[in-house]
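Biologist: Please walk me through a few features of this model. I would like the general idea, then the case here.

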Amino acid sequence: SAIASILRDAGFGVLLAGADHDSACRAAERIGRELEQPLDLDGNRVDRQAAIGIAMAPLHADAAEPLLARAELALYAAKDRRESFIVYDAAFDRESEANLALLSELRHARDNGELRLHLQPKVDLKSGSIAGAEALLRWVHPQRGLIPPGRFIPYAEDTPIIKDLTLWVFEAAVREQPSLRAHGIGRVSINLSARDLMDLDLPAKLDALLRKHGAEASGLCLETTESAVMGDIARAQQTLTRLRERGYKLSIDDFGEGQTSMRYLKDLPVHELKVDMVFIKGMQTDPRTEYIVKALIEVGHQYGLSVVAEGVENAAVALRLAELGCNEGQGWHFGKPMPADELYGWARAWTAREEQGQPA
């Protein structure tokens, strides 16, 4: 028999009695085709993606619990490789063992005081003034030290843990709001995952944290990615609309990397586009990439949106982006992600530099 674990926001399993490798793969192919048929919701086409992991009994395990666990490992491999389905391989155990251990420890990191808020400055490319900062999560493990976000965030996004992490970052950021404003940083951006967007209770949860700390939604920008929105555009629109009504600024992150159509973009209640850093970093080496960046900036402006460039690493790129009409820049040229105390020192130095007329 074969068992397939199929996950989107929620997962379900299919038991195929008496199936061999080939028939299990054929079944996964058929299920995937059905799940990936686009939906029409109130005139909006919603594209869907399915990821399927297959584990065989008794080849891969002879009991239900380990068989399900290995089907899930294959599922995550399918998601990572952007394939419709993958059959379990023993190498997945070795590859995922460390990740599963990290996720297990991450569940307790918040309560153990291991999470840290870092902030990366954003600069107005025309005036050179401080435009805001992005709140970023860091994990300081008691034994492993600082764990890079890329080491745990992608895996957390596949589990409900990510919603707890979002709320932790949000609360840490609103707690800093008075100090941020005192240092001329009027807006802080916070990332939302796909799971956050699907949570219709998210606005109420954020409201409670604002009340708890006496903070204001108007000083916060909530960022989400193209892929998060396109997963279920109707539901994402519903959540984003509720957030906009509460006074948050809304942003589409990594723009240009995903598949947001212009038709969808005009219907999203957002204020800002962030051009993916892949394009910004390629501007100096490939003229064609600059054409793409210019087009993305123009698209944003045509829809009445401000445009932010990520990954600005030198003055030449910052200057060129300003010439192209990009509104804000973010990257190591201006400042790296840093703890709040360091950001305040950076802000004092940046403001003094600006007052002396030094170029950004």
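Modeller: We will take a strand and its partners, then a pair of helices.
Modeller: This is a predicted model, where local features need pLDDT of at least 70, side-chain atom pairs count only at pLDDT 80 or more, and totals for chains, interfaces and linings use all residues. Residues are numbered from 1 along each chain as its sequence is written, and side-chain values use heavy atoms, with hydrogens and water left out.

Biologist: On strand 13, which residues lie on one side and which on the other, and are they buried or exposed?
Modeller: In a regular strand, side chains alternate between the two faces of the sheet. Strands are DSSP runs of E, at least two residues, and helices are runs of H or I, at least four, numbered from the N terminus. Strand 13 covers residues 272–275. Glu272 and Lys274 sit on one side, Leu273 and Val275 on the other. All are buried (under 20% relative accessible area, 1.4 Å probe, protein chains only).

Biologist: How many bridges join strand 12 to strand 13?
Modeller: Two strands pair if DSSP finds at least two bridges between them. Strand 12 (residues 249–255) runs parallel to strand 13, with three bridges. Strand 14 (residues 306–310) also pairs with strand 13 in the parallel sense, over four bridges. Leu273 stands opposite Ile252 and opposite Val307.

Biologist: At what angle do helix 7 and helix 9 cross?
Modeller: Axes are lines fitted to C-alpha atoms over the stretch in contact, with angles from 0 to 180 degrees between N-to-C directions. Helix 7 (residues 202–213) and helix 9 (residues 233–245) cross at roughly 30°, their axes coming within 9 Å. The two helices are therefore roughly parallel (angles under 35 degrees).

Notes:
Buried < 20%, exposed > 50% of the residue type's maximum accessible area, 1.4 Å probe, protein only. Parallel < 35°, antiparallel > 145°, perpendicular 65-115°, else oblique.
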